[in-house]
Structure formats: C-alpha cells, structure tokens
Amino acid sequence: MSPQAPRPNRPHPNRLPGEHDSRAGAMLFWPVHLRQWLGLPGLAGAVLAPVVLATLLALEHTGGLGAVLAAPDPTALGRALFFAFSLALLVEFAAHIPLAAQRDLDALAGELTLDATEQARLRAALIRQDGGLTALYALLGATLGLAHAWAGVGLTAAPGVALGTVLLWSLMVQTGLQLVSNAQLFAALGAHASQPDPLAPDRLYPFVRAALRPMLLIMSLLAAYPLMLLATPGWSADTLIGPAATLALALAAVWFPLRGLAGGIRQARDRALGRVDAAIAQGWAGLERDAAAAARLEALLALRDRLKRAPSLPLALPGLARAMAYLALPIATWSGKGLGEAVLNRLFGGGG
C-alpha cells in the first residue's frame with residue numbers, strides 16, 4: 001500500500017487578514033434583509049417582476065398598458081420582459097448567493113485553521129456590507145446606467161428602457177460588489193487558512209461551489225438578453241455593453257474564490273514532493289545496505305507520480321460539466337432569438 005502524503009506543515013493565522021473585520025459588524029446587505037423580512041424565497045422577485053413589467057409597458061407600449069393585448073408591440077414587450085425578468089432574478093440571487101455562501105463556509109469548518117469565533121465573524125461578513133459603500137455603488141451603477149441609456153436608445157425617446165437600464169445597472173453594481181467581496185474572502189481563506197491535502201482535494205469542494213453559484217446567476221442574466229432583440233435587426237454596440245459587463249463579472253466571480261486555493265494546493269503539493277524526493281534520495285542511498293528498502297522505494301516513486309498528477313483545484317468532472325452547461329446556456333438562447341420572437345408573435349398575434 002502506498003504511503004500517504006503528510007498533511008501540510010505550515011503556520012496558519014487564527015484570524016483572517018483583510019478588510020472583513022469591518023464587514024462583520026456592518027448592516028445586512030439589503031436584498032438579504034428583504035429576504036429575511038419576507039421570510040419566503042422567491043417572493044420578492046415574484047412581486048417585483050409584474051410591477052416592473054407593468055411600469056415599463058405603460059411607458060413604452062404604444063397606447064399604454066391597456067393596448068398590450070389589443071395591439072401587442074413585440075419590441076416593447078421584449079424589453080419589458082427582459083428588465084422584469086432580470087431585476088427579479090437579480091434581487092433574488094443577491095440574497096440567495098450570500099446566504100448559500102454561509103453554508104459553504106460551514107462545510108469548510110473542519111478544513112480551516114480558524115477557531116469558531118473567527119469563523120462566526122466571517123460567516124456574518126458574508127451577508128453584510130457597509131451601508132455607505134452600498135449607496136455609493138448604487139449611485140455609481142445608476143450613473144453607468146444613465147450613460148448606457150444615453151448612448152443607446154436615449155433618455156427621452158424610450159423612457160421605459162432608460163429607467164430599466166438605470167435600475168439594472170444600479171442593482172448589478174451593488175450585487176457585484178457583494179459577490180466580489182465574498183469571493184475575496186474565500187480567496188483569502190484558500191490562501192491563508194486552508195489545509196489542502198494534494199491527494200484529497202475533494203474535501204475543499206465547497207470553494208468550487210462558492211465560485212459556481214454566482215456563475216449560475218450571471219449566466220441566467222446573459223440568457224435573458226435576447227428578449228431585448230425581439231423585432232429588432234440584431235446586436236449593436238449599445239446592446240453588447242450589458243452582456244460584456246455581465247460576462248466580465250462572471251469571470252471575476254469564478255476566478256476570485258479559487259485563486260487563493262489554487263496557490264495553496266500547489267504549495268502543499270510542492271512541499272509534499274520535496275519531502276518524497278528527500279525520502280527517495282535517502283532510500284536510494286541505503287538500497288545497497290538493505291534490500292528490503294526496495295519495496296519502500298517503489299512505493300515512494302508511485303507516490304511521487306500520484307502527487308505530480310494531482311489536480312490543482314478540487315474541480316471534479318460533474319462540477320466542470322455544470323460550469324460548461326452554464327456557459328452554453330446564453331449561446332443557445334442568443335441563437336434562438338428568432339424562435340422567441342416567433343413564439344411571442346404567435347401568442348399575441350403581433351407582426352414583426
């Protein structure tokens with residue numbers, strides 16, 4: 001039986017360095033507070049979606065809200081559906097992802113060097129954000145939304161689209177701040193407070209879940225963008241701004257939580273390889289004096305090969321397949337833009 005690589009022998013802090021001290025005592029991130037106040041997952045989005053849909057159709061649809069069924073306009077309907085779906089989904093996931101990240105941290109409890117008090121402090125930080133910083137990012141997002149609307153449809157020509165763009169950018173930037181802050185927390189955990197075993201990385205799979213879960217949200221938002229193209233000739237520079245910004249957030253949300261862990265696993269593997277190489281050199285030198293050492297030497301050589309083949313991340317095949325499915329989803333929906341338009345025209349009898 002091959003010898004097991006010893007657990008890494010390196011010092012770890014009892015507290016996590018960084019800015020997370022202040023977050024632990026800050027106010028609850030407002031979507032999390034809303035979820036806890038309502039007490040039912042999905043309720044906030046279920047209420048928000050029809051409100052946004054009705055408001056934007058009243059502003060955008062020819063003849064107002066009352067004319068939607070009598071003389072449907074696929075362009076106005078597609079835009080309103082896009083913003084209603086996106087805002088409802090975003091407000092729900094902005095609460096769900098931080099709360100689920102707490103469960104990921106709980107699952108890592110036995111793999112971290114932090115004591116229970118420190119883990120409780122970080123658990124609180126995952127669902128909190130400084131109120132002033134949240135307001136600042138909300139204003140920044142609204143400003144970016146105004147610029148996007150002005151460069152695209154204009155602020156007065158399509159007031160519903162302008163309003164939806166401002167609201168979506170504001171919520172996206174606030175949510176992005178929370179997701180990136182939490183991703184940085186997991187990156188710091190992976191780099192400074194984890195105990196990776198290069199031959200058993202699956203114990204640290206909650207790090208991967210913490211990265212893939214925001215990816216689901218972001219790819220779902222990307223999948224909604226073809227609704228903006230109903231009865232329009234296709235993509236243009238202003239319609240590509242949103243998907244490009246969303247994709248950039250997806251890459252950041254996936255990479256940040258895993259970068260610290262990847263470095264920690266590589267360091268643990270390099271240390272284990274160093275110890276095995278030293279044992280191989282010692283066993284080789286004593287091979288002539290002790291013939292029985294050959295079996296141990298063979299086992300050490302096999303262990304070195306296993307260490308060299310060990311993955312640098314606990315990303316099992318099911319997780320990789322799921323990530324690829326998320327990436328493929330927007331592409332499939334973008335290519336199906338014509339199908340979506342045909343379905344709406346069929347349901348409402350509208351022309352192209």
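1. Lining of the second largest cavity. By class, 8 nonpolar, 1 polar and 2 charged residues line the second largest cavity of this predicted model. The space inside the second largest cavity is about 50 Å³. Its lining is made up of Pro31, Leu34, Arg35, Leu38, Leu40, Gly42, Leu43, Ala44, Val91, Glu92 and Ala95. H2, H3 and H4 are the elements that each give two or more residues to this lining. H2 provides the largest share of the lining of the second largest cavity, 4 residues.

2. How H2 and H4 cross. The axes of H2 and helix H4 (residues 74–107) come within 8 Å of each other, and they cross at roughly 90 degrees. Angles of 65 to 115 degrees count as roughly perpendicular, so H2 is roughly perpendicular to H4.

3. The contact between H2 and H4. On the H2 side, the residues are Trp30, Pro31, Val32, Leu34, Arg35 and Gln36. They meet Val91, Glu92, Ala94, Ala95, His96, Pro98 and Leu99 in H4. Sorted by class, this contact of H2 with H4 has 9 nonpolar, 2 polar and 2 charged residues.

4. The largest cavity. The model has 3 cavities of 30 Å³ or more. The largest cavity has a volume of about 90 Å³. It is lined by 11 residues, and Leu179, Asn182, Ala183, Ala210 and Pro214 are the closest to its centre. Two or more lining residues come from each of H4, H7, helix H8 (205–224) and helix H9 (237–285). Which element gives the most to the lining of the largest cavity? That element is H7, with 4 residues. The lining of the largest cavity divides by class into 9 nonpolar, 1 polar and 1 charged residues.

5. The second largest pocket. The second largest pocket holds about 280 Å³ of space. Its lining has 17 residues, and Trp30, Leu48, Leu87, Leu167 and Leu171 lie nearest its centre. The elements giving two or more residues to this lining are H2, helix H3 (43–60), H4 and helix H7 (159–193). H3 supplies the largest share of the lining of the second largest pocket, 7 residues. By class, 14 residues of this lining are nonpolar and 3 are polar, with no charged residues.

6. Confidence in the model. The mean pLDDT of the protein chain is 77, and 71% of its residues reach 70 or more. Where is confidence lowest, and where is it highest, in the protein chain? Confidence is lowest in helix H12 (residues 337–348), at a mean of 44, and highest in helix H2 (residues 30–38), at 95. H2, then, is the helix with the highest confidence, and H2 also gives the largest share of the lining of the second largest cavity.

Definitions and conventions
Residues numbered from 1 in each chain as written. Predicted model: local features only at pLDDT ≥ 70, side-chain atom pairs only at ≥ 80, totals over all residues. Heavy atoms only, no water. pLDDT = per-residue confidence, 0-100. Axes fitted to C-alpha atoms, helices over the stretch in contact; angles between N-to-C directions. Parallel < 35°, antiparallel > 145°, perpendicular 65-115°, else oblique. Contact = heavy atoms within 4.5 Å. Nonpolar A, V, L, I, M, F, W, Y, C, P; charged D, E, K, R; others polar. 1 Å grid on protein atoms, 1.4 Å probe; cavity = no way out; pocket = protein on both sides within 12 Å on 5 of 7 lines; lining within 4 Å. Points joined across faces, edges and corners; volume = space filled by probe spheres on them.
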